[in-house]
Amino acid sequence: MKEVTTQDQKAHENASLSRRKFLNYAGAIAGAGILIASCKKEDDPKPVEEGAIDLGSNDTGLLNYAYLLQQLEAAFYIEVVKNPFSGMTDAEKGFFVAMRDHEIVHREFFKNYLGTSAIPPSIENDWSSIDFSVKKSVMAKAKFFEETVVAGMSGICKLLISEEHIQIVSKMAVVDARHSAIVNNFVYPDTFAEKTDGNGMDVQQDPQSSLDITRQFFKKSISGSNMPKY
Amino acid sequence: MKLTDILKELEQVQSEAFEEKADRRHILRNLGFKVAKIASPFAIAGLTVNKVAAKTTDILAEAIVFMLNMSYMQADFYKQALAVGGLIPDSQKGGFQKILKDKNAHIAYWISHLNKTGNVVPTVPAYDFTGKGTLPKTLSDYKAFLTLAHAIEDAGVRMYLTGIDMLISNKAFRSDAMNMATVNARHAAHVRLLRRNTGVDMMPWVSGTEAYSLVGEIKKAYQNEDNTNQLKVSTVGINGFDISFNAATEAFDEKMGLADAEIFMRPFIV
């Protein structure tokens, strides 16, 4: 997939994959003596709650979840910059503006890339748990959102199939990790990597449980029931 | 597992095996490492012993050795720096000790997997962080130390992105590399914030190729970081938003390929 194709073209490719590519690779597969018996056909899409936004299935569903995460972060920082907490310094504002712009790039990238398969843009947020006028409230949520997004993007990467999708999401996840590190440092010095485990690895979260955390920040109901699972 | 998974893996194996393998081995040798010799295959998603699996195995071990190159260099760098009295201010030692701990954990993890699979574990080369005299103050002047530190960190993030790509056929290792890549990015952001606090006009993320703030060999760490076209989506001013060139390039870190990694690392390997 070196071309950005329309969703219709992609759907077509996916539909024909099982036969055409299978024949191409039949020789290699035969040598392995494998596994075909354990492969079942992709299930039909599960119905979602009426009025809910369905993220979709396969890579598209995962990329839509990444899009949702980036919508969340972008909308949050847009609000933070628009309604600065009392006492926000110019330096602090500079960081928030830069992070806002990165998240807008991420968000708009997904919108364009997903095209007609994308979930709606600008899904309305529920900010009732945040007091934007209070620094402590804003910083705590920034920390929470960045940690959630880094873990969620890594989880998405684990499940994606397409190489270029894995690449693009990982290239964004590391920038979100840069955000997360400095926001952590702003909350408490030297906590830039406070949650690494004994192998020096970051937290990763499967998209299903990630969505269970993030859905509260959207006013519309979001369904991930067709997304790939761990 | 889904059929599309298997097909994707096979597709990957083919292109990797036929196009880039020889080149990678050559580069790894030039970096002073003995290329991992494959004694027993990594288990990949149910494909056990056959020619395809053997080739994939080779690639996985090479990916791990590639990432180890950088983790070795990073760990040795901080070990040396922390051993120089008065180089790192006491108030900032804790952060570097934490970074060193994570790097050592990365090394231990990858070595354990090379061992488990009967692969050769590369020895740690001797490093000269003055770049054979071109950066003479690296281990005597804190600002000079921070300059190389963030270049090594940013290059590390980029090399781990390449590692993820090389491990694409193996979901477990790919995830491990991913979870280390974001930790490396956290380290990079911390170090860049420290350098910013010394009065350098820079942010915790990489703007363009950053040529203005760097000298000599370490500029090589930033080649191709100025990409503004992601999967054919142009990111500057995307969809009418006021997105500058800097913001557009900061929003993505870019992979660092093996040839560029060699160019960057070679001056520091004795």
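Student: Let's begin with charges. Which residues are linked in a network of salt bridges?
Tutor: Keep in mind that this is a predicted model. The network links Arg178(A), Asp154(B), Arg192(B), Glu210(B) and Asp253(B). Over all chains, the structure holds 20 salt bridges.

Student: How do I read a single salt bridge? Say, what does Lys143(A) form a salt bridge with?
Tutor: Look at the N to O distance, then at where the partners sit. Lys143(A) pairs with Glu147(A), and their closest N and O atoms are 3.2 Å apart. The two are four residues apart in helix α5 (residues 135–159) of chain A, so about one helical turn separates them. Both Lys143(A) and Glu147(A) are buried.

Student: And which parts of chain B does the pair Glu225(B) and Arg158(B) tie together?
Tutor: First the distance: the closest N and O atoms of Glu225(B) and Arg158(B) are 3.4 Å apart in this salt bridge. Glu225(B) lies in the loop between α6 (171–197) and β1 (229–230) of chain B, while Arg158(B) lies in helix α5 (residues 142–166) of chain B, so the pair ties together parts 67 residues apart in sequence. These two residues are buried as well.

Student: Are Glu108(A) and Arg107(A) buried or exposed?
Tutor: Here the cut-off matters: buried means under 20% relative accessible area. Glu108(A) has 5% relative accessibility, so it counts as buried. Arg107(A), at 11%, counts as buried too. Their side chains meet in a salt bridge, at 2.8 Å from N to O.

Student: Now the fold. What pattern does chain B follow along the sequence?
Tutor: Reading along the sequence, you get α-α-α-α-α-α-β-β-α-α. That comes to eight helices and two strands. To see how the chain packs, check contacts against sequence separation: among chain B contacts between residues at least 6 apart in sequence, 74% join residues at least 24 apart. Chain B has 270 residues, and 59% of them are buried. Its accessible surface is about 9,800 Å², with 54% of that belonging to carbon and sulfur atoms.

Student: What about the nonpolar side? Which residues touch the most other members of the largest nonpolar core?
Tutor: The general idea is that in soluble globular proteins, nonpolar side chains tend to be buried together. In this model, the largest nonpolar core has 138 residues, and Phe76(A), Phe96(A), Phe96(B), Trp110(B), Phe145(B) and Phe264(B) touch the most other members. Helix α3 (residues 51–83) of chain B gives the most to this core, with 15 residues.

Student: How many residues does helix α4 of chain A have, and what happens just after it?
Tutor: For a helix, compare its reach with the expected span. Helix α4 (residues 90–114) of chain A has 25 residues and reaches 36 Å from its first C-alpha to its last, close to the 36 Å expected at 1.5 Å a residue. Just after α4(A), Gly115(A) takes a positive phi of about 55 degrees.

Student: Where is a positive phi found in a residue other than glycine?
Tutor: As background, most residues other than glycine have a negative phi. Ser122(A) has a positive phi, near 50 degrees. Ser122(A) lies in the loop between α4 and α5 of chain A, and its 62% relative accessibility is why it counts as exposed. Lys132(B) also has a positive phi, of about 55 degrees, although it is not a glycine. You'll find Lys132(B) in the loop between α4 (90–116) and α5 of chain B.

Student: One last feature. What does the side chain of Thr148(A) reach?
Tutor: Thr148(A) lies in helix α5 of chain A, and its 7% relative accessibility makes it buried. The Thr148(A) side chain reaches the backbone oxygen of Phe144(A) at 2.7 Å. Not counting residues up to four places away in sequence, Thr148(A) touches Ser210(A), Ile213(A) and Thr214(A).

Note on methods: Residues numbered from 1 in each chain as written. Chains lettered and ligands numbered in written order. Predicted model: local features only at pLDDT ≥ 70, side-chain atom pairs only at ≥ 80, totals over all residues. Heavy atoms only, no water. Expected span 1.5 Å × (residues − 1). Buried < 20%, exposed > 50% of the residue type's maximum accessible area, 1.4 Å probe, protein only. Contact = heavy atoms within 4.5 Å. Areas by Shrake-Rupley, 256 points an atom, 1.4 Å probe, with all protein chains shown as cover. Core = buried A, V, L, I, M, F, W, Y, C linked by side-chain atoms within 4.5 Å. Salt bridge = Lys/Arg side-chain N within 4 Å of Asp/Glu carboxyl O. Polar contact = N/O pair within 3.5 Å; in protein donor to acceptor, adjacent residues only side chain to side chain.
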